[in-house]
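Here are my notes, with the model up for you to follow along. Have a look and see whether you read it the way I do.

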Amino acid sequence: MLPNELLKIGSNFLKKKRINSYQIDSELILSKLIGEPREKFLLNFNSKLTSSQIFSFKKLILRRGIKKEPTAYLIKNKEFWSNDLKVEPGVLIPRPETELLVEKIILNIKISSPYILDIGTGSGCIIISLLQELRHSKGVAIDISKKALVLAKKNSKINNTYNRIKFYNRSFNEINNSKFDLIVSNPPYIAKHQMKNLQDDIKYFEPKVALDGGNDGLDVIRKVIYKSTKILKTNGLLALEIGNGQYKKVSQILKLNKFRVKFIVKDYQDNIRCILSSLKHY
Ligand SMILES: C[S@@+](CC[C@H](N)C(=O)[O-])C[C@H]1O[C@@H](n2cnc3c(N)ncnc32)[C@H](O)[C@@H]1O
């Protein structure tokens, strides 16, 4: 069987199972099994697939379509900021909105080699991308999930930033006696009562500790902002990813803590999803 024929079977099946990303998911799964980038095998019409490739493809497509397992967990990687990051169950899959946060920071950070704190590093996607762009920077990555930290270390080794990051398995509450030029966080921000409304692939497979932001979704954000008043340098930048519809409340919390909003970032649906702010000077 040829790649295009198998892809058609896979994507038709996923479409029937109401997976919106049916085409790209089938391509990513096949690409992983063939060991070639999508762009390459899509043009390679004549290379026949082995029976073991066909069998493995169908098995993964069934897991995606029936159990709704996220594609990134099935193929064990996710592209973020042009890096191939390892991902695994227990650690949040990096999202495109978070790339917007990284981009905004890089475009607007004034300090040439900022000392960075990444709160809730997960796969390490944010700090790794930032350090790749800010070649002389160093940073600290923390997470209360041991699994996340192990994965973030692995990703930083693969992506050549390991020697510039210190990793700690701890909460931001425990960060004292250090001051940072840039504090960045994509914290858990889903309101508890909304957890049940998440899509099946998120609800049943991604870690709750990465999603659940307490009663109004702002428990962690609130505490991160307060903590930042203590550990951000005077001219430093606090960069946060927030949930859809949280801008008004988060900007009020920032104001109460003497932060001034400097930049916002909208996602592809025009919702404000990131805020960059700094402490007001008196
Ligand atoms: C939404 S995920 C973000 C992961 C990654 N930064 C990303 O953007 O893909 C939130 C992360 O915060 C971690 N986390 C939750 N509470 C925390 C706390 N009190 N201190 C440090 N990390 C925490 C979770 O384990 C999870 O990895």
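1. In which helix is valine 102 found? Valine 102 belongs to helix α6 (helices are DSSP runs of H or I, at least four residues, and are numbered from the N terminus). Before going on: this is a predicted model, where local features need pLDDT of at least 70, side-chain atom pairs count only at pLDDT 80 or more, and totals for chains, interfaces and linings use all residues. Residues are numbered from 1 along each chain as its sequence is written.

2. Is valine 102 buried or exposed? Valine 102 counts as buried because 25 C-beta neighbours lie inside 10 Å. The cut-offs are 20 or more other C-beta atoms within 10 Å for buried, 12 or fewer for exposed, and partly exposed in between, with C-beta atoms placed from the backbone. Leaving aside neighbours within four places in sequence, valine 102 is in contact with Trp81, Ile126, Ser129 and Leu130 (contact puts two C-beta atoms, placed from the backbone, within 7 Å).

3. Isoleucine 105 also sits in α6, which covers residues 96–108. With 24 C-beta neighbours inside 10 Å, isoleucine 105 is therefore buried. Setting aside residues up to four places away in sequence, isoleucine 105 touches Leu130, Leu182, Val184, Ala239 and Leu276. Leucine 276 is 171 residues from isoleucine 105 along the chain, yet their C-alpha atoms are 7.8 Å apart.

4. Now for the core. A nonpolar core here is a set of buried Ala, Val, Leu, Ile, Met, Phe, Trp, Tyr and Cys residues joined through C-beta atoms within 7 Å. The largest one has 53 residues, and Ile105, Ile127, Leu130, Leu182, Ile183, Ile221 and Ala239 have the most contacts inside it. Helix α7 (residues 125–133) gives this core its largest share, six residues. A second, separate core has 13 residues, including Leu14, Ile29, Phe41 and Phe57.

5. Helix α7 is mostly covered, with seven of its nine residues buried. Among the buried ones are Cys125, Ile127 and Leu131.

6. On the overall layout, the domain assignment (automatic or from a database) gives domain 1 as 3–67 and domain 2 as 89–279. Taken over C-alpha atoms, the centres of domain 1 and domain 2 are 33 Å apart.

7. Last, the ligand. Of the 23 residues around the ligand, those that come nearest are Gly120, Gly122, Ser171, Asn186 and Ala210 (a residue is near if its C-beta atom, placed from the backbone, lies within 6 Å).

Conventions. Helix = DSSP H or I, 4+ residues; strand = E, 2+ residues; numbered from the N terminus.
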